[in-house]
Amino acid sequence: MKNNPRVINAWCLYDWANSVHSLVIVSSIFPVYFSATALNEAGGNVIDFLGFPVKNSVLFSYSVSVSFLLIALLSPFSSALADYSGRKKSFMQFFCILGSVSCSLLYFFTQETTTFAVFCFILSLVGWGGSIVFYNSYLPEIATEDQIDRVSARGFTMGYIGSVVLMVFNLTMILFPQWYGGMSGAMASRISFLTVGIWWLGFSQLSFRYLPDSERRSNTATSGNWIFNGFRELKKVYAQVKKQALLKKFLLAFFVYNMAVQTVMYIATIFGSDELKLPAQSLIITILLIQLIAIPGAILFARLSGRFGNIYALMMAVTLWIGICVGAYYVMTENQFYALAVLVGLVMGGIQALSRATYSKLIPGDTQETASYFSFYDVTEKLSIVIGTLIYGLIEQVTGSMRNSVLALLALFVVGLLLLWRIPSQKVYRVHLETEEIS
């Protein structure tokens with residue numbers, strides 16, 4: 001039964017559980033610690049990684065690219081198998097355990113264990129991204145279309161609140177070490193990585209307790225070769241996706257603008273640290289500010305979609321992102337960086353929640369292959385991250401300046417806006433998809 005409060009609360013709680021990884025590991029404490037720890041013996045930022053000299057900020061960007069390339073390769077087959085076997089929740093649990101344990105192992109990250117830490121970071125991202133595709137696929141199963149925008153925004157809001165709660169605790173260890181026996185900043189950061197893994201794994205158990213498992217697609221789901229069954233399921237859904245014009249148009253637009261959105265989110269802290277030379281504490285507090293502002297931002301854009309339709313609301317968000325990129329190219333001072341952070345927070349939650357909700361509305365209402373459908377969304381998202389962070393890192397490596405990379409992100413937002421313009425903006429889609437022939 002859809003709109004069950006207990007199930008929706010359990011679904012939103014997984015955002016509460018896993019979002020600490022995005023905030024602490026991807027956006028704030030870990031990038032700052034990485035920048036300060038991944039150094040050569042002379043203290044320089046060009047280090048040896050598997051025999052190759054590479055700047056630490058470029059290595060961070062490439063690590064994100066590799067992580068999401070792995071997710072893009074794994075998620076279509078794992079989601080098809082999950083749909084076919086009816087074990088969606090089991091797959092989600094596997095990736096959750098992989099990510100949370102890998103995250104906890106970052107506790108052992110020192111200058112001497114940089115290579116080990118990079119692999120742990122990559123696996124933590126694989127676990128996080130792998131679990132999210134199954135998490136997202138529950139949305140059209142647990143909520144009716146008129147509630148999808150609200151429930152999606154609520155999930156992101158819960159994630160922002162949960163991540164801020166743990167982040168504040170971690171910040172007290174870093175900013176007020178005397179409260180904890182005078183521990184060093186490095187130790188406080190490493191303990192923060194451990195707390196993220198424990199928080200993620202612990203709270204997710206409450207979600208797994210109430211989230212339903214999918215029904216098997218076949219009475220013989222457990223017979224035969226699961227890999228071949230997964231391929232057949234994937235081929236079936238791919239054939240359905242090809243026939244849906246609006247879905248394809250949205251995925252293309254999402255692919256382009258999400259390249260820029262996700263790159264900004266993953267690289268913002270490194271930009272402030274390396275390009276603007278901001279102190280670590282200022283960067284971490286800025287990321288915390290972004291999370292707090294993202295809460296009303298997600299709610300605001302959910303309401304805008306209810307009034308103007310999903311696509312128009314997304315176009316408003318992308319337009320604001322264009323302005324942010326222009327500002328980032330010219331930003332010079334700490335206060336200017338804070339001002340940009342406020343705008344990033346306002347649109348970050350909104351564009352993520354709306355993108356997920358819009359895709360959910362475009363999926364056929366009677367489909368049972370929600371995980372397989374969302375694997376296409378997930379692959380689109382992850383490949384956009386791979387290409388976006390790769391472009392960013394390559395441009396910085398060639399030109400020596402992150403500001404030139406920002407111009408590439410600006411161009412992506414403009415193209416994404418033009419692609420969104422081709423899609424009708426509606427509050428409800430499935431009625432139109434069922435009664436009209438979409439060309």
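Is L50 buried or exposed? L50 is exposed, at a relative accessible area of 53%; exposed means over 50%, buried under 20% and partly exposed in between, with a 1.4 Å probe and protein chains only. The model is predicted: local features need pLDDT of at least 70 and side-chain atom pairs count only at pLDDT 80 or more, while totals for chains, interfaces and linings use all residues. Residues are numbered from 1 along each chain as its sequence is written, and side-chain values use heavy atoms, with hydrogens and water left out.

**Positive phi**

- L50 has a positive phi of about 55° although it is not a glycine.
- The loop between β1 (46–49) and β2 (52–55) holds L50; strands (E, at least two residues) and helices (H or I, at least four) are DSSP runs, numbered from the N terminus.
- N3, also not a glycine, has a positive phi near 65°.
- N3 is in the segment before α1 (5–27) and is partly exposed, with a relative accessible area of 29%.
- Most residues other than glycine have a negative phi.

**Helices α12 and α13**

- The axes of α12 (residues 310–330) and α13 come within 9 Å and cross at roughly 150°; axes are lines fitted to C-alpha atoms, for helices over the stretch in contact, and angles run from 0 to 180 degrees between N-to-C directions.
- The two helices, α12 and α13, are therefore roughly antiparallel to each other, a term for angles over 145 degrees.
- The α12 and α13 contact (heavy atoms within 4.5 Å) involves, among others, L314, W321 and Y330 of α12 and L340, M348 and K361 of α13.
- By class, this contact of α12 with α13 has 18 nonpolar, 5 polar and 1 charged residues; Ala, Val, Leu, Ile, Met, Phe, Trp, Tyr, Cys and Pro count as nonpolar, Asp, Glu, Lys and Arg as charged, and the others, Gly among them, as polar.

**R356**

- R356 is placed in helix α13 (residues 334–362).
- R356 is buried, with a relative accessible area of 2%.
- Leaving out residues up to four places away in sequence, R356 touches W11, D15, Y135, N136, L139, S152, G155, F156, F374 and Y377.

**Cysteines**

- The whole structure has 0 disulfides, a disulfide being a pair of cysteine sulfur atoms within 2.5 Å.
- For C96, the closest cysteine sulfur is in C103 at 11 Å, too far for a bond; C96 is buried at 0% relative accessibility.
- For C120, the closest cysteine sulfur is in C103 at 9.5 Å, too far for a bond; C120 is buried at 5% relative accessibility.

Key. Angles under 35 degrees count as roughly parallel, over 145 as roughly antiparallel, 65 to 115 as roughly perpendicular and the rest as oblique.
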